[in-house]
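Hi,

Here is the structure I promised to pass on.

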Amino acid sequence: MFGGIPREAKRKKNASNCVSLLRITLLLIISLRPAGASLECKDDDVCIEKYRVGSKCVRGLCSNPFVSGCLQRYLGKDEYPDVRVCNSEDPPNAADTGICVESPFGYNEIRILSANWESSMFSAWIMQIVLSELAGVPSTIESGSSTRNFNFYDPENSFSYGTMTYDYDALRTASTYPDCRDAPSGVSCAHVLPEVWNGQNHAVQDAEREGFIESEVSNGAVGKLSWYVLKFTAEKDPTLLSIFGLTDMAKTFNGKSNRRKLAETFKRPFTWKDYCEMFTADNCTTADEVAERAPETPSESAKYFVRDVFNGKFNATDENDCDANPTTCTGHIVTSTCEWSTWVIPQAHYLNITVKSNGPGSTGSYTYGQQIEVLEAAVATQSDILFYWWTPDYTLQSYMATKNELQKINLANPTQKCMDSRISVEQRCSKDPSDWIGKMEGSCDAAPYALQKLIASNLREKIYNVDEALRSPGYDIIKSITISNLQLEQIFEIWNSRSTDMSSDAREAVCMWVAENLDSLKSFIPRTYPRSMRFSPPGSIYIYMAMVLGGIVMVLVIFNWVIIWLYQEEKVIRCAQPMILYLFLTGLMFVSMGAVAYAITPSNISCVIRMWLTYLGYTLELVPLIVKVGTINKIYQSSLKLKLVRISPNTIYKTIGSVVGIVVVFLSVWTAVDPPTRQEEHVLTKEDNPNGGVYVDINNSCITTSSTWMSIAMSYQMILLISGTILAFQNRNLVQKYNESSKLAFVVYAQFIFFLLRVLIVIFSSYLTANAAAAMTSIILSLDVLVTLSIYFAPKIIVARASKEAKLNATATSMSPNSRRSVKSNDKLLETVENHFENLKKTLDEVNGLLAVASIDLAAMQIHNVHDKKDSEKGKVLDEQVKAMKKTLADIQDPPQLFVKLNLQRDF
């Protein structure tokens, strides 16, 4: 694994140590940077002093002071009173205990993949804070394992690095389970990966083709992968900062080949256990300048550095021995795992730089944590190392402006052709070493690269399929949010300046930066967010107007009912059939009550009541009138055919009852199967709230699961209106005393207009608030009733009242003294009237005879006409008789002026 046994160790160990070394190789595991541990404590005062207010001593460890949110804790409750929204990792009673609040809009949780390097991890934290505290969107962090926690709000201050560099399976799972809480237990799931490097281009393209991610989008930072040496190494040999001081083909000033220089300068690192077994006589039982003790666990055995316990060890191995291996000796380079964007192997091979990585990974690589340990060991022992690293990153920032500052090495200039010829992830991780080399065209230096982020493909669809008023801003935020290199370096600088503990310092650094850059972060939140929910004021003016108007119309219906009862003996009322009028008024009363029901706050009961009142009301309003007019039309049409028709009132009422019964059955089935129920409607307003977003008003409306019921009910009412229109047209020539065609036509026309308005409200309900639609419907129903009363009942009441008053006046006049003096003067007039009525009776008898004769003669004339005998004597006589009949009928229709004068005197 190490490319040979160190020469120094050969003098101290016998040959059996080779077997021991191979055994150690099998025990080494991939090491990650250690998770931060909470500060030990005895009481809350220690936690407050070391952390900040909000941290408590829980089971001997200081808790996370930001458990309820970063901004409230950092800025104070006066400036920022709100706590964060709860997420799926909070305890069930978190909202009850005040740790957090439930998302008022029920936004779906967004899960963010942390990965295992600081720039990506801190970007994930920033996203989580913005979503949870500024936008009200629940969010959690996916680390790849249930045993690793990187939640910013974790009560125990955990700081665990992710298990994988690029967990594409987590994004794939999210495309299957849009809500990661529904994913199988133990399966990683995430909607967004905050940082992706260009070494993943092939994998990203494959993921896009597979369809579980969107097209990648910039995260705001620019990445650069480079070879580095420490500053003190560069000061000793500045030629190491250029390809010309590294390649074995380059000429050197001192005549010593660059191969030997690299092999002698960059030695191999050894683990703690390797050091104890290979470089000490008592296996580290005795402390020395390198190790205070022997490792106690397998994890410690694999460490390259443990602060204050193991300083690390660098030593030459057989691979560094250019005397024994003049053509194959190499120096050592610390490079990352094959999953990362690393091109060290093709660069070293084709640029003829004789270095090799000897880490425990399959390609001789080191994990992220192991790379950090090797670097810290080099700093602690001031050993020269060749280091493959990137920017932006905390590690470079932490050594800035010190003698250990990392200095970038310039290799061959990058070109687009080189970028296109890079080896893929599959090649880098292949079991065949020949695949690691790739092509010569892909061996140039890395170019600065706009870092990307990946988002699960179905996240936008899931969020945008929700009504706009309830739509989460989560997708728009994570897609638009960007963090630059300089901003990340600010966070790293704050983190590096603190020395409490790793996890607490990291949270403090991120929270401080977020609090001090709120204006910048708020720019990534869509304009109408964060939204505030409020119940729509029930006392809106249009609701009051609708309710008052409905009450007034109810009073008017009752008034008409009373008047009809008082005048039921008047001729105009008797001709209109009082029972029909009572049914008509009952329907109008139901409709007006329905108008009031629409104006009150909906409930499950009131939703059903308004449905029954409206449709049963229109049935009782229109059906009796239509049946009555239809019956008269039947009599009229039969009379034209000289047929005798017998109509029983019971038949009329049975017909009305049958239609009403059918409607009652329909409404009963509707109520039983799919009753309208109260549902909340959320309306996005344009009114700003105190948080910089807008208000979402909550309106209550009545909704059924299926629209079929409403369609049937509307169609039924339309059929009634069409039937009324046809009957009104057919009865237009009926005797005026029984002719209500004009009034029916007006009623139908008015109701059709109001019906059309109600249909338009249903069609355009999505553009109206529930309160506005209910108020408009209520007003339309009330106006419908009011207009119907004006068209149909008002004229009848006026005529009946005039007739009633005329009779009362006539009675009063007959009882007065002046009336006696006028009796004698009227005797002659009354005698004349009696004679007129006697003559009228005789005339009617004559007309009846003429009609009988005319009907026979008419038939005869038709026969003569058929046989072209229009000029026969009988035809001429018939013509004279018809003329006489027409004159008589004209006399009946135009009575003498004396009769009109008598009526006027009698009535007035």
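A residue counts as buried when its relative accessible area is under 20%. Keep in mind that this is a predicted model. By that cut-off Cys-276, with 1% relative accessibility, is buried, and Cys-284 is buried too, at 1%. These two cysteines form a disulfide, S to S 2.0 Å. The torsion about their S-S bond is about -100 degrees, so this disulfide is left-handed.

The count of disulfides comes to 10, and here are two others. Cys-41 is bonded to Cys-57, with the sulfur atoms 2.1 Å apart. This link is right-handed, with 95 degrees about the S-S bond. Cys-41 sits in the loop between α2 and α3 and Cys-57 in strand β1, so the pair ties together parts 16 residues apart in sequence. Cys-41 is buried, at 13%.

Then there is Cys-418 with Cys-444, S to S 1.9 Å. About -105 degrees around the S-S bond makes this one left-handed. The pair links distant parts of the chain, 26 residues apart: Cys-418 is in helix α15, and Cys-444 is in the loop between α17 and β13. Cys-418 is buried at 2%, and Cys-444 at 6%.

Now for the strands. β16 (residues 694-703) is mostly covered, with 8 of its 10 residues buried. On one hand β16 runs parallel to β14, joined by 4 bridges, and Phe-535 has Ile-698 as its bridge partner there. β16 also pairs with β15, antiparallel, over 9 bridges, where Thr-677 stands opposite Ile-703. In the hairpin of β15 and β16, Gly-692 has a positive phi near 95 degrees.

Cheers

Methods: Residues are numbered from 1 along each chain as its sequence is written. This is a predicted model: local features need pLDDT of at least 70, side-chain atom pairs count only at pLDDT 80 or more; totals for chains, interfaces and linings use all residues. Side-chain values use heavy atoms; hydrogens and water are left out. Buried means under 20% relative accessible area, exposed over 50%, partly exposed in between (1.4 Å probe, protein chains only). Helices (H or I, at least four residues) and strands (E, at least two) are DSSP runs, numbered from the N terminus. Two strands pair if DSSP finds at least two bridges between them. A disulfide is a pair of cysteine sulfur atoms within 2.5 Å.
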